[in-house]
Amino acid sequence: MNSTLFHIMIACHRLVKGIANRILDKNYIRPRNFSNAMLHKYAQHFAGTIINVSGWKDEDGVGGWYKDYFTNVIHYTVSNVGGQGKGLGSAVGYDEIELDLLQNIHSNLKGSFDVVFNHTTLEHVYDFKSAFKNLCDLSGDVVIVVVPVMQQIHHTEDFGDYWRPTTMAIAKMFLENGMEPLVIKCNDQPFAPIYCFAIASRNSDKYKNKFKKDIDFEVGRYNYGSSLKAEHIHNLLNK
């Protein structure tokens with residue numbers, strides 16, 4: 001009986017999820033819409049030289065361009081890796097450079113951008129911590145990352161799929177690289193992949209009067225509930 005009930009519940013779960021993905025407004029459940037909305041909210045506060053690392057064509061997935069989100073940009077660059085189908089040569093019309101997150105950042109690029117933006121790339125890099133450090137090394141001020149924390153595995157001939165970092169891991173790695181997290185937020189809902197949108201800065205005081213710090217470590221509460229205790233988080237991050 002228990003086995004039968006289990007399979008019935010699994011079938012019901014799949015049915016509800018399938019219906020939800022077909023009838024609900026995609027603005028509420030599609031993770032790309034979430035990350036784009038977050039970028040619309042915060043990108044306006046940053047200025048200067050900006051790079052979209054491993055940005056392919058710079059497309060935002062809904063018919064727009066990430067460059068247009070940064071309304072105060074002075075110079076915009078897209079980087080890609082050579083020798084891949086979605087690699088170097090994809091960003092037509094942009095100032096494009098070759099950059100491999102698996103290789104150490106060249107000294108002349110360290111700190112050379114005011115804002116470093118990276119969308120759903122880190123999960124495909126096996127040496128995650130080194131790639132994350134490279135993003136931080138590129139920046140003299142701000143790093144913005146979007147990374148899935150819950151999503152089906154997806155591979156291609158060009159790249160694997162290795163990681164689903166938690167919000168805590170992202171915050172910890174920012175701190176280890178001399179950056180203070182300013183925003184950590186997930187599209188926490190039960191029907192589609194969950195992304196983490198995160199911003200950190202080397203100069204956090206610069207943004208105190210521009211937007212409110214928003215750190216939320218919740219991930220998957222609608223699927224699994226939550227056992228987070230706020231009083232423990234500070235100690236964990238500073239261990």
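## Asp 25 and its loop

In this predicted model, Asp 25 sits in the loop between helix α1 and helix α2 (26–29). How exposed is Asp 25? Its relative accessible area is 38%, so Asp 25 counts as partly exposed. The cut-offs for that class are 20% and 50%.

Pro 193 is 168 residues away in sequence. The C-alpha atoms of Asp 25 and Pro 193 are separated by 15 Å.

## A nonpolar patch

Which residues make the nonpolar surface patch? They are Leu 15, Ile 19, Ile 23 and Leu 24. The patch covers about 390 Å².

Leu 15 belongs to helix α1, which spans residues 2–23. Leu 15 has a relative accessible area of 53%. Exposed means over 50%, so Leu 15 is exposed.

## Helix α5 and its partners

Helix α5 covers residues 167–176, and helix α4 covers residues 128–138. Their axes come within 10 Å. They cross at roughly 55 degrees. Angles from 65 to 115 degrees would count as roughly perpendicular, and those under 35 as roughly parallel. The pair α4 and α5 is therefore oblique. Their crossing is right-handed.

Helix α5 also packs with helix α7, residues 230–237. Here the axes are 10 Å apart, and the angle is about 40 degrees. How are α5 and α7 oriented to each other? They are oblique. The crossing of α5 and α7 is right-handed.

How values were computed:
Residues numbered from 1 in each chain as written. Predicted model: local features only at pLDDT ≥ 70, side-chain atom pairs only at ≥ 80, totals over all residues. Heavy atoms only, no water. Patch = residues over 30% accessible without salt bridge, like charges linked within 9 Å, V, L, I, M, F, W, Y side chains within 5 Å. Areas by Shrake-Rupley, 256 points an atom, 1.4 Å probe, with all protein chains shown as cover. Salt bridge = Lys/Arg side-chain N within 4 Å of Asp/Glu carboxyl O. Helix = DSSP H or I, 4+ residues; strand = E, 2+ residues; numbered from the N terminus. Buried < 20%, exposed > 50% of the residue type's maximum accessible area, 1.4 Å probe, protein only. Axes fitted to C-alpha atoms, helices over the stretch in contact; angles between N-to-C directions. Parallel < 35°, antiparallel > 145°, perpendicular 65-115°, else oblique. Left-handed = near helix turned anticlockwise from the far one by under 90°.
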